[in-house]
Amino acid sequence: MSRLPLRQHLNAAASRLANARFASSSAVRGLHGSGAVAGCPAKHCNNGFRVQTEDDSLWANEEPVWKPWQSAESPGYAPLQLGEGLVGQYAQYKVIRKLNWGVESSIWLVERVASEHKALKPGKLLAAKVLTAHATELEIGKSTCQIPLLNEILKHSTPPSKPDEPVNKEKFYIPGSEFTITMFDWGAHRTRIGVHVFTILAPMSTTLRKVQRAFRTMDPNRDVMLVRRVVKQMLFALSCVHQLGYIHGDVKADNICVPLFAEFIPDLKGYLETAPAESLPPRVFPDYSPDPVTCVKSQPYPPIGDDHHVDKIYINLVDFSSAIHASSYSTTQRAMPRMLRAPEVILGHRWGQPIDIWALGCLAAELLLHRPLFDPGDNEDDATDSEHLAQMVEVLGPFSQGALAKCPLTNTFFNTNGSLNSADGGRRVHVPSLRHSLAEVGLAGSTLDEVDALLHRMLALDPDSRPIASELLNDPFVKGLNLETNTLL
């Protein structure tokens, strides 16, 4: 099956993007023409994109497709319509439902309608992640690398058919690729806003966040079982991503999904027949254009099948929109979701793949405690960072002098003897130690010891002391778990 090299394909999209710039700038003066969980979760956006008129109830929760691509106004969402076609490298697809939208993309359920390849039969339901015009520019400019990473995972996802089969070094199998989302195709689609890179992905049944929220009561046995399964599969996934030389950068419950296996596709089709896709009534936005705009309604489908049950749950790591090359390390303090942010990011230390291990440790603790491990607040300021570091010390113990010596911003938060400075203007929320919190939710005996030991390894305050994913797979808490039988060896 032949295809354009990935970079050549994206460069072609870049050319189309340049040609679309005039259309985008014209759209600022007036939009002319209508333009030609489920799936993969999007990053939810609760910013100022709200319509303050009588139609708020219909439009407030949808992406602002009426706004042109301007950095201060909108990142340039693709104004797709039901029935619209997307042309990938391998096949053609028809948009049949909008599932979700977020900061960088919108997620759509699509049907493969045509293909030049016999192996790609029409009628298959898939998910399309359609990037905003701004995110497309970042992807083409190599500031982000979600498509190259997904392409690399795909190349290394097929085990040898025979034990003695010669190894192709370009396509050798990497264990753990089966625990990441599968990309089937990609392409670039032009709308009145500009060019939008899209990926065609395997559909998902639900997210780990929704599985977690379905728990009405605490149950230590159930929660420990869930954490064993999630942590083992996530360590395999991260081991694959890290071996390929990347950092995921956004490990959280919303970005861990339960696959929708083939046997449950008829159930999804049955649901779609009872809840057909809808579009909002056309509407004029006078500040932007005299022409009416139509927006498709977000309609995620409920969990499909029974594979989201704890004792049989399988998961995929999804959403690689924050992924970067491991060599492209940074010291920015904006990396990672606030409550999952690793200490090295706050302290200005060079950060890399260990931030994924830290985030997974925070997630595992959250699944057991039914609350975030840290809650410093949402602000991006020194007071909130100081609160976050103070909670880390209370939960995990003090930073070592060696760890602090490697961090450029240590003097901002710590005095010369290694104690935290007072958080001027910040709140102080005292939190119990990790072991105390685990005991409070019912963990005891050897299970408490194993969980406490594993989490302390994953949440080492010094990133240089944090084990890599493949090493953690040998930890006693996960090593003996058989994922197929859900038994401990």
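**Entry 1: histidine 242**

I began with histidine 242, which lies in helix α6 (residues 220–243). I took helices (H or I, at least four residues) and strands (E, at least two) as DSSP runs, numbered from the N terminus. The model is predicted, so I note that local features need pLDDT of at least 70 and side-chain atom pairs count only at pLDDT 80 or more, whereas totals for chains, interfaces and linings use all residues. Residues are numbered from 1 along each chain as its sequence is written, and side-chain values use heavy atoms, with hydrogens and water left out.

Is histidine 242 buried or exposed? Histidine 242 counts as buried because its relative accessibility is 12%; buried means under 20% relative accessible area, exposed over 50%, and partly exposed in between (1.4 Å probe, protein chains only). I then looked up its contacts, where contact means heavy atoms within 4.5 Å. With neighbours within four places in sequence left aside, histidine 242 touches Gln353, Asp356 and Ile357.

**Entry 2: helices α9 and α14**

I noted that Ile357 also belongs to the contact that α9 makes with α14. Helix α9 (residues 354–369) packs against helix α14 (residues 445–458) at an angle of about 150 degrees, and their axes are 8 Å apart. Here axes are lines fitted to C-alpha atoms, for helices over the stretch in contact, and angles run from 0 to 180 degrees between N-to-C directions.

Which residues make the contact? From α9 I listed Ile357, Trp358, Leu360, Gly361, Ala364, Ala365 and Leu368, and from α14 Val451, Leu455 and Met458. The contact of α9 with α14 has 9 nonpolar residues, 1 polar and no charged. In this scheme Ala, Val, Leu, Ile, Met, Phe, Trp, Tyr, Cys and Pro count as nonpolar, Asp, Glu, Lys and Arg as charged, and the others, Gly among them, as polar.

**Entry 3: aromatic rings**

I next looked up ring pairs. Rings of Phe, Tyr and Trp (its six-membered ring) pair if their centres lie within 6.5 Å; planes under 30 degrees apart count as stacked, over 60 as edge-to-face and the rest as tilted. The count by this rule is 7 aromatic pairs. One of them joins tryptophan 59 and tryptophan 66 edge-to-face, at 5.8 Å centre to centre with 80 degrees between the planes.

Why does the pair of tryptophan 66 and phenylalanine 285 count as stacked? The pair is stacked because its planes stand at 5 degrees, with the ring centres 4.5 Å apart. Tryptophan 66 is in the loop between α2 (56–59) and β1 (85–87), and phenylalanine 285 is in the loop between β10 (283–284) and β11 (292–293), so that the pair links distant parts of the chain, 219 residues apart. Both tryptophan 66 and phenylalanine 285 are buried. Tryptophan 59 is buried as well, at 1% relative accessibility. Ring pairs join Trp59, Trp66 and Phe285 into a cluster.

**Entry 4: charges over rings**

A charge sits over a ring if NZ of Lys or CZ of Arg is within 6 Å of the ring centre and within 35 degrees of the ring normal. I found the charged end of lysine 124 over the ring of phenylalanine 184, 5.9 Å from its centre. Arginine 222 lies over the face of phenylalanine 215, 3.8 Å from the ring centre.

**Entry 5: positive phi**

Methionine 336 has phi near 75 degrees, a positive value in a residue other than glycine. I placed methionine 336 in the loop between β13 (324–325) and α8 (343–346).
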